[in-house]
Amino acid sequence: KAFLGVVGIDGRSGAVYTYEAPDGDTKAAALSVSRRRYLLCETMKFRQDGNYQYGTLREFDGAILDQPPAQDLVGLAKKQGIELL
């Protein structure tokens, strides 16, 4: 299982970002070898972006959030195929 942090998420494309390439490369490697993948993030991260894309929402099984999600975020998660926890 991989539990990965995120700097930002583009809700339209599903891109998952971090600030630095080495961090993104490490996270992308963890994604490629893990059977279950979870984002650890604050709900506000769904409205931010970063410098380096290391994955997409569709590569994750779920997102562990800091608070209950707003209705628009629930719709986005359903569209991208991830569970919000």
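How many helices and how many strands does the chain have? In this predicted model, the chain has two helices and seven strands.

**Figure 1. The order of elements along the chain.** Read from the N terminus, the elements follow the pattern β-β-β-α-β-β-β-α-β. The chain has a radius of gyration of 12 Å, close to the 12 Å that the globule rule gives for 85 residues, so it is as compact as a globular protein of that length. Along the principal axes, its C-alpha atoms fill a box of roughly 35 × 25 × 20 Å.

**Figure 2. The largest nonpolar core.** This core has 18 residues. Leu-39, Phe-46, Tyr-54 and Phe-60 have the most contacts inside it. At least two core residues come from each of β1 (2–5), β4 (37–41), β6 (62–65) and α2 (71–80). The element that gives the most is α2, with three residues. In soluble globular proteins, nonpolar side chains tend to be buried together.

**Figure 3. The surroundings of Phe-60.** Neighbours within four places in sequence are left aside here. Phe-60 is then in contact with Leu-4, Val-16, Leu-31, Arg-37, Tyr-38, Leu-39, Tyr-54, Gly-81 and Ile-82. For the chain, contacts between residues at least 6 apart in sequence were considered, and 64% of these join residues at least 24 apart.

Figure 4. Of the 85 residues in the chain, 42% are buried. The accessible surface comes to about 5000 Å², and carbon and sulfur atoms account for 49% of that surface.

Methods:
Residues numbered from 1 in each chain as written. Predicted model: local features only at pLDDT ≥ 70, side-chain atom pairs only at ≥ 80, totals over all residues. Heavy atoms only, no water. Core = buried A, V, L, I, M, F, W, Y, C linked by side-chain atoms within 4.5 Å. Buried < 20%, exposed > 50% of the residue type's maximum accessible area, 1.4 Å probe, protein only. Helix = DSSP H or I, 4+ residues; strand = E, 2+ residues; numbered from the N terminus. Contact = heavy atoms within 4.5 Å. Rg over C-alpha atoms; globule rule 2.2 N^0.38 Å. Areas by Shrake-Rupley, 256 points an atom, 1.4 Å probe, with all protein chains shown as cover.
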